[in-house]
Amino acid sequence: MKTERSSDSFSPSEGSERLLLQRAVPLLLAWFKGHKRDLPWRHGRTFYTTLVAELMLQQTRVEAVKEKYVAFLEKFPTERELALASEDEVLKAWEGLGYYTRARNLKRAAETLFERGTPRTWEGVKALAGVGDYTAGAISSIALGLKEPAVDGNVLRILTRLFADGSAADTVKKKFSDLLREVYPDETADFCEGLMELGATVCVPNGAPLCGECPWNALCRAHGSGEEERYPVRAEKRERRVEHLDVFVLKNGGAYALKKRESGLLKGLWEFPNVPSAPRTAEFWEGHGLSLLALRTAKHVFTHVEWRMTGYFAEAATRGGEFLWTTAAEIEEKYAIPSAFRAFSDWLKGD
Ligand code: ADE
């Protein structure tokens, strides 16, 4: 995979941007010391806890990660427990965070740590399952003290504003990585998290950034020209694919039907039986001994796909062998069900 590491070219504007950034570094560090949020992964850090936090924080908000992180570490306090756990246990502990490939990757990464010990270089971190350039930079800076930048959407935003850089945000990652590497201070963890923190709490994406509270207020070129909101300039968005699904919550006595997803999105998780929508699906299922109890539509939006679902709650005459039949209490305790299906899980209540 292509990485964003070498610094092979240099333009005059980058020269002035480097000077600006050099002045911005100590201001950010001082601000971060006084303003950082008290987040659970900032206490008692190890390489393993940093790995867990950074994988959870990929694509997921800090608020959602906070509780899950603490419970996850209670269950799997070191790489040993995670490496030796079953995939179902790990997926269950991940329930609610979404993007479950991350949970499987985290388990594989824990197996690598358990077998070979902690890596010491950016390349060693990057070789772990689920770790891309950004996460490798974050873990290297935070847990290993290495001067390796981590440029995500937050960092892109604060730097495009600091420099008033009108390039489309996805084209300046390499340039910003190179610039950051050149000014990286010895306090690598605080610098890395300070950049993230500024983007998350002050130089926020939508609505007005809180420029009055920003340590870069006097340096920021976007603020200087009153154009904070113009940055970052966005690349054109790709359309989301829409898929229509019929979802069946089947009940027989006190048991409900679950099925394990064999492939594709959400593979390995448990779900209510479902099929791509077809005009005659409901009649088809009624023809198979189902009596309909309730019907409801719901929508779930993933990054690249949107599911428009029709949910059928039905009493089944027999327990079809292709499904796992289990109780509502067991579903609650043992089986990880993707959030997409939550819209129908209240049908399990009342047993
Ligand atoms: N987002 C990604 N990594 C983070 C961290 N370590 N602290 C806060 N937000 C983050």
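Predicted model: local features only at pLDDT ≥ 70, side-chain atom pairs only at ≥ 80, totals over all residues.
Along the principal axes, the C-alpha trace spans about 75 × 45 × 35 Å. The chain has 351 residues, and 49% of them count as buried. Contacts across the sequence are well represented: among those between residues at least 6 apart in sequence, 71% join residues at least 24 apart.

Let us begin with the overall layout. The domain assignment gives domain 1 (12–230) and domain 2 (241–348). Taken over C-alpha atoms, the centres of domain 1 and domain 2 are separated by 37 Å. Where the two meet, 8 residues of domain 1 are in contact with 17 residues of domain 2.

### Helix α9 and its two partners

Now to helix α9 (residues 153–163), whose axis can be compared with those of helix α11 (residues 188–201) and helix α10 (residues 173–183). The table sets the two pairs side by side.

| Helix pair | Axes come within | Crossing angle |
|---|---|---|
| α9 and α11 | 8 Å | roughly 80° |
| α9 and α10 | 11 Å | roughly 80° |

How are α9 and α11 oriented, roughly parallel or roughly perpendicular? Their axes cross at roughly 80°, which makes α9 roughly perpendicular to α11. On the α9 side, the residues that meet α11 are Asn-154, Val-155, Arg-157 and Ile-158, and their counterparts in α11 are Leu-195, Met-196, Leu-198, Gly-199 and Ala-200. By class, this contact of α9 with α11 divides into 6 nonpolar, 2 polar and 1 charged residues.

For the other pair, the axes of α9 and α10 also cross at roughly 80°, which makes α9 roughly perpendicular to α10. Here Val-155, Leu-156, Leu-159, Thr-160 and Phe-163 in α9 meet Lys-173, Phe-176, Leu-179 and Leu-180 in α10. The contact of α9 with α10 has 7 nonpolar, 1 polar and 1 charged residues. Val-155 is listed in the contact with α11 and in the contact with α10.

### Phe-191

Staying with helix α11, we come to Phe-191, which has its place in that helix. Is Phe-191 buried or exposed? Buried is the answer, because its relative accessibility is 1%, and the cut-off for buried is under 20%. Setting aside neighbours within four places in sequence, Phe-191 is in contact with Val-25, Leu-28 and Leu-29, as well as Leu-180, Val-183, Tyr-184 and Pro-185. As for distance, Phe-191 and His-300 are 109 residues apart in sequence and 36 Å apart in space, C-alpha to C-alpha.

### Backbone features in the loops

Which residues does a cis peptide bond join? The bond links Tyr-231 and Pro-232, and omega is about -5°. Pro-232 is found in the loop between α12 (221–224) and β1 (241–252).

Positive phi values turn up in residues other than glycine. Gln-59, in the loop between α2 and α3 (62–75), has a positive phi of about 65°. With a relative accessible area of 53%, Gln-59 is exposed. Ala-164, which lies in the loop between α9 and α10, has a positive phi near 45°. Ala-164 counts as partly exposed, at 25% relative accessibility.

Terms used. Residues numbered from 1 in each chain as written. Heavy atoms only, no water. Axes fitted to C-alpha atoms, helices over the stretch in contact; angles between N-to-C directions. Helix = DSSP H or I, 4+ residues; strand = E, 2+ residues; numbered from the N terminus. Parallel < 35°, antiparallel > 145°, perpendicular 65-115°, else oblique. Contact = heavy atoms within 4.5 Å. Nonpolar A, V, L, I, M, F, W, Y, C, P; charged D, E, K, R; others polar. Domains from an automatic or database assignment. Buried < 20%, exposed > 50% of the residue type's maximum accessible area, 1.4 Å probe, protein only.
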